[in-house]
Amino acid sequence: MFPVAIARADLADAWWTPVSLVLVVLPATLLVASTFLTVPRALLTLVCACALGYLVATLLWFPAWLGEPDEEARWAVWLLQFPSVPSFGLVVTLRTGLAVTNLVVATFAVHAANQLARYGELRPVELLSVPLSAALAGVFLAVALAAVRNVRALDARHPAVLALTARAAANAAQEAERARFAALIHDHVIATLLAVREGPPDPRLAEQAASALDELDRSAEPPSEFTAAAFATRIDEAVADLGERGSCTHMIAAPSTTYPEHVVADVVDCVAEATRNRVRHAGPGSRCDVVAEFGEGAVRVIVTDDGVGFDPEAIDPGRFGIAVGIRARMAGLPGGRAQIDSAPGQGTVVTVEWRRP
C-alpha cells in the first residue's frame with residue numbers, strides 16, 4: 001500500500017501521510033521483531049499499539065483532509081485494505097471482545113474516511129460494504145480463535161500428561177525392582193532351600209547359602225558415597241558446555257565429608273538443567289556463573305546468569321525443565337530444596353541445596 005499512500009498524499013495535509021505511516025508501521029515492526037526474541041516481550045502491548053495506531057491514523061485523516069473529493073480514487077485512504085489485521089493479533093492474545101470491537105470501529109471509520117475522500121459525503125448505500133467486510137474478516141477471526149483455544153486446551157492438559165508419565169515411570173521402576181529381587185530369590189534363595197536334604201549338612205550347601213545371603217546383602221547395601229572433591233568434579237563436568245561464557249568455583253568447608261550417590265546425581269542433574277536453560281533462554285551474550293559450597297552433610301549450588309530473566313510465578317507448570325527437572329527432582333530428594341529467583345530483564349538465580357536428614 002506504500003505506492004497508494006504516496007499517490008494519494010495530495011488529498012490531505014502534508015503531515016498526515018508520514019504520521020499515518022509511522023502510527024501503523026512502527027508498532028507492527030516492533031511486534032514482528034519481538035517474536036524473533038528468545039522470549040517474546042510485550043506482545044499484548046504491541047498488539048494494542050497496532051490497533052490504536054491504525055485507529056488514530058484513520059481518525060486524523062478527517063481533520064487533515066483538504067476538502068477536495070476525488071471520485072476516481074478507489075483507495076483514497078491507503079488504510080482501507082487492512083482494518084481487520086490488528087484484530088487478528090488481539091484474537092491470538094485472547095482479547096476476543098477487543099478484537100470484535102476494533103474490527104467494527106476500524107472498518108466503519110476507514111470506509112467513512114474513504115467515502116468522504118471520494119465523494120465529499122457519506123453515502124448510506126456505499127456504507128453497506130462495512131458489514132460485508134467485517135463479516136468476511138469475522139470468518140477468519142473465528143478460525144483463529146478456535147485454533148488458539150485448542151492450543152490452550154492442549155497446554156492445560158500437558159501437566160496431567162506429565163504426571164501420568166511420571167507415575168507410569170515410577171510403576172515401571174517398581175516392577176523392574178520386583179523382577180530383579182524375584183530373580184535373585186529364585187536363583188539363590190529358593191535354589192538353596194530346594195537343595196536341602198535329610199542327613200548330615202553338605203559343606204557345599206552351606207557355601208551356597210552363604211553366597212545367597214551375600215547377594216541379598218549386596219542388593220540392600222546403601223549407595224556408594226562421594227567425597228566433596230569428587231562431587232565438585234561432577235559439577236564441573238555438568239557445566240563444561242558454558243565455555244568462556246561461564247565459570248565454576250568451589251568452596252569446600254568439610255573435605256572429609258561424603259555425600260550419597262543419589263544426592264550427587266540429583267544435584268548434578270539440576271545444575272545441568274539450569275545451565276541448559278541459560279543456553280536456551282538467557283539470550284546471546286549472557287554469562288553464567290556457578291558456585292558450589294560443600295559443608296558437613298550439606299551442599300549448596302548457586303547458578304546465576306545475567307540474561308533476559310522471566311517471571312517464575314507466570315511460568316507454565318507444564319514446562320518440564322523447571323517443573324520436573326529442577327523443582328520436582330529436589331522436592332523428591334529427602335533434605336533437598338530448590339529455589340528460582342528471576343524477573344524480566346534482571347537475570348536468573350537458581351539455588352539447589354541438600355542437607356542430610
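Contact means heavy atoms within 4.5 Å. The views below all come from a predicted model.

**View 1**
Thr-17 is found in helix α2. Leaving aside neighbours within four places in sequence, Thr-17 is in contact with Ala-5 and Ala-9. Its relative accessible area is 6%, and Thr-17 therefore counts as buried, the limit being under 20%.

**View 1. Helix α2, its buried residues and its cover.**
Helix α2 takes in residues 16-34. Buried in α2 are Trp-16, Thr-17, Ser-20, Val-24, Pro-27, Leu-31 and Ser-34. What covers these buried residues includes α1 (2-7) and α3 (43-64). In an α-helix there are 3.6 residues a turn, so residues three or four places apart point the same way.

Val-22, Leu-26 and Leu-30 form a nonpolar patch on the surface. Together the three residues have about 270 Å² of accessible area. Leu-30 lies in helix α2 and has a relative accessible area of 43%, which makes Leu-30 partly exposed.

**View 2. The aromatic pair of Tyr-54 and Phe-82.**
The structure holds 8 aromatic pairs. One of them joins Tyr-54 and Phe-82 in an edge-to-face arrangement, with 5.5 Å centre to centre and 70 degrees between the planes. Tyr-54 lies in helix α3, whereas Phe-82 lies in the loop between α3 and α4 (85-92), so the pair ties together parts that are 28 residues apart in sequence.

**View 3. An aromatic cluster of four residues.**
Phe-231, Tyr-259, Phe-294 and Trp-354 form one aromatic cluster. Trp-354 is also touched by Pro-334, the residue shown in the next view.

**View 4. Pro-334 in the loop between α10 and β6.**
The loop that holds Pro-334 runs between α10 (320-331) and β6 (336-342). Pro-334 is exposed, with a relative accessible area of 52%. Not counting residues up to four places away in sequence, Pro-334 touches Trp-354, Arg-355 and Pro-357. Pro-334 and Pro-357 are 23 residues apart along the chain, and their C-alpha atoms are separated by 6.7 Å.

**View 5. The salt bridge between Arg-300 and Glu-353.**
Side chains of opposite charge can pair when their charged atoms come close. The model has a count of 6 salt bridges. In the bridge between Arg-300 and Glu-353, the closest N and O atoms are 3.4 Å apart. Arg-300 lies in strand β5 (residues 298-305) and Glu-353 in strand β7 (residues 348-355), so this pair ties together parts that are 53 residues apart in sequence. Arg-300 is partly exposed, at 30% relative accessible area, whereas Glu-353 counts as buried at 11% relative accessibility. Salt bridges that share partners join Glu-293, Arg-300, Arg-337 and Glu-353 into one network.

**View 6. Two further salt bridges.**
Glu-121 forms a salt bridge with Arg-123, and the closest N and O atoms are 3.5 Å apart. Glu-121 counts as partly exposed at 40% relative accessibility, and Arg-123 is partly exposed with a relative accessible area of 30%. Asp-289 forms a salt bridge with Arg-287, where the closest N and O atoms are 3.3 Å apart. Asp-289 is partly exposed, with a relative accessible area of 27%, and Arg-287 is partly exposed as well, at 34%.

**View 7. Glu-215 in helix α7.**
Glu-215 is found in helix α7 (residues 203-220). At 23% relative accessibility, Glu-215 counts as partly exposed. Not counting residues up to four places away in sequence, Glu-215 touches Leu-184 and His-188. The C-alpha atoms of Glu-215 and Ile-185 are separated by 9.4 Å, and the two residues are 30 residues apart along the chain.

Definitions and conventions:
Residues numbered from 1 in each chain as written. Predicted model: local features only at pLDDT ≥ 70, side-chain atom pairs only at ≥ 80, totals over all residues. Heavy atoms only, no water. Patch = residues over 30% accessible without salt bridge, like charges linked within 9 Å, V, L, I, M, F, W, Y side chains within 5 Å. Areas by Shrake-Rupley, 256 points an atom, 1.4 Å probe, with all protein chains shown as cover. Salt bridge = Lys/Arg side-chain N within 4 Å of Asp/Glu carboxyl O. Helix = DSSP H or I, 4+ residues; strand = E, 2+ residues; numbered from the N terminus. Buried < 20%, exposed > 50% of the residue type's maximum accessible area, 1.4 Å probe, protein only. Phe/Tyr/Trp six-rings, centres within 6.5 Å; stacked < 30°, edge-to-face > 60°.
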